[in-house]
Amino acid sequence: MSSGVLHRAGDSPVHRLPPQVKIVAAVVAVLCVVATPREAFWAFGGYLLAITAVWFVARIPPTWFAARAVIELPFVVLALVLPFTGHGPTTDVLGVPLSVEGALAGWNILAKGTLGVLVSLTLAATTAPQDLLLGLQRLRLPSVLVTIATLMLRYADVVVAEAKRMRVARISRGDDPRFLWQLGATARGVGSLFIRSYERGERVHLAMVSRGWTGRLPDGRGSAAVEPVRVTPGAPALLVERLAFAYPDGHQALFGVDLRVEPGERVALLGPNGAGKTTLVLHLNGVLGGGQGRIEVAGLPVAKAHLREIRRRVGVVFQDPDDQLFLPTARQDVAFGPANFGLRGAELDDRVARALDAVGMAEVADRSPLHLSGGQRRRVALATVLACDPEILVLDEPSANLEPVARRELAEVLLGLERTMLMVTHDLPYALQLCPRSVLVDGGVVVADGPTRELLADTGLLARHRLELPFGFRLD
């Protein structure tokens, strides 16, 4: 069950308590329950009355908690079985011999387990996930543990959302997962969910790496970013020469790509699926490496010694914004990159504010990315990269799955940015709108390079590489 499902928004005195106070209270309550002797029945009754009093103050009905306490069902079953399987002296209840020790053990599990679950649900119901993380920080929990908890919450939300989409897809095709005879399909669905979640995790990791993540968290000390590395004056913004790359499974994705992009240029990277476009993009800031050829960013070789500076200069906006947004709030996601590059305090806050303003998303700074529309998430994903102040923006299918209004709004944002831009896209009209120059890649090599309008006018070239303009679209 995801963190968003467990939180019930409200404005009660319990909701308004500082999160660290509620965390400490919950921990103390659970410790008291665990330490209470199982024979102190009155004490357990008192604990339950105290919990229901908190619900009353928080204005949350008991039925809301009852529906979510089903997670405890396996322990309830165990507690009910123990009186029948326990050893030692027995007593008759309605003519059925029950183990006294088993009954006490079952009561102990049922009472303490139920109270522990209810305390946890009360904390989750009255405290938003991001506030829980804030409370952990205020309690001086090690930052690495707070980050792990953050990613776990985000991952749980992603998995639940993925499971819901899979369930809807099954039901829409006449398969109802509630029935026993569909157990096999359900098991296969769980396997698919695991694989899809693992793949999502890999993509999120790539997005983290592309924004300066090195596996170590910013420690909060210091206030200034690391001084930029000097680069060659007059050098091209991007220079790729004879780049070849094969994946570990032997699949050759690039066979010798040459590309030169001057400062301030906006270039569209076109090509069919499987042409090698994304593989090329991931080489530009060192997320992928180990192939042959040479890549330079403003004269600086893309090599291990320069990766920190390269990733600051080249910002990659991934195709799926959910791969790029993994923290509880938009503000925290936007701050992730510049914090990795050394910014702290007021300078970091200012950078985040300017990035959100640039994409028109300042009003959603404290909202969860999960609660934003597709267009809003894509703009926040762009802000996460802009906050790193890159000189080169690399966008992977920025218009994918956007409604016309969101597509237009994003185009206006991109046209207002004074950055060198390389845009991977299948959306040929979008390429024409945003990029004066286009490079067509197919089969791991560049097959055409020139003004976008001229390339799109060559219907034979487009047809040979499985590209075509939308029906009714005219270049004149």
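# Burial, salt bridges and ring pairs

Tutor: D322 and R377 are both buried. This is a predicted model: local features need pLDDT of at least 70, side-chain atom pairs count only at pLDDT 80 or more, and totals for chains, interfaces and linings use all residues. Residues are numbered from 1 along each chain as its sequence is written, and side-chain values use heavy atoms, leaving out hydrogens and water.

Student: What makes a residue buried, exposed or partly exposed?

Tutor: The relative accessible area decides. Buried means under 20%, exposed means over 50%, and partly exposed lies in between (1.4 Å probe, protein chains only).

Student: How do you know that D322 and R377 form a salt bridge?

Tutor: The rule asks for a side-chain nitrogen of Lys or Arg within 4 Å of a carboxyl oxygen of Asp or Glu. For D322 and R377 the N to O distance is 3.3 Å, so the pair qualifies. The two sit in distant parts of the chain, 55 residues apart: D322 in helix α13 (residues 321-324) and R377 in helix α16 (residues 374-386). Helices here are DSSP runs (H or I, at least four residues), numbered from the N terminus.

Student: What makes E409 and R379 a salt bridge?

Tutor: Their closest N and O atoms are 3.1 Å apart, so they meet the salt-bridge rule. E409 lies in helix α17 (residues 404-415) and R379 in helix α16, so parts 30 residues apart in sequence are tied together.

Student: Is E409 buried or partly exposed? And which is R379, buried or exposed?

Tutor: E409 has 28% relative accessibility, so it is partly exposed. R379 has 14%, so it is buried.

Student: How close are the side chains of E296 and R294?

Tutor: They meet at 2.4 Å, N to O, in a salt bridge. E296, at 15% relative accessibility, is buried. R294, at 34%, is partly exposed.

Student: How many salt bridges does the structure hold?

Tutor: It holds 18. E309, R312, R313 and E391 are linked in a network of them.

Student: Why does K22 count as buried?

Tutor: Its relative accessibility is 8%, so it falls in the buried class. K22 is part of helix α3 (residues 19-35). Leaving aside residues up to four places away in sequence, K22 touches V14, H15, L17, L123, T126 and T127. Contact means heavy atoms within 4.5 Å.

Student: Which backbone oxygen lies 3.2 Å from a polar atom of the K22 side chain?

Tutor: That of H15. A polar contact is a pair of N or O atoms within 3.5 Å; within protein, one must be able to donate a hydrogen and the other to accept it, and residues adjacent in sequence count only if both atoms are side-chain atoms.

Student: How many aromatic pairs does a search of the whole structure find?

Tutor: Six. Among them are W64 and F65, with ring centres 5.2 Å apart and planes at 80°, so they are edge-to-face. Rings of Phe, Tyr and Trp (its six-membered ring) pair if their centres lie within 6.5 Å; planes under 30 degrees apart are stacked, over 60 edge-to-face, the rest tilted. W64 is buried at 10% relative accessibility, and F65 is buried at 1%.

Student: Why is the pair of F245 and Y247 called edge-to-face?

Tutor: The planes stand at 85° and the centres are 5.0 Å apart, so the pair is edge-to-face. F245 is buried at 6%. Y247 is partly exposed at 28%.

Student: Which residues form one aromatic cluster?

Tutor: F41, F44, Y47 and W107.
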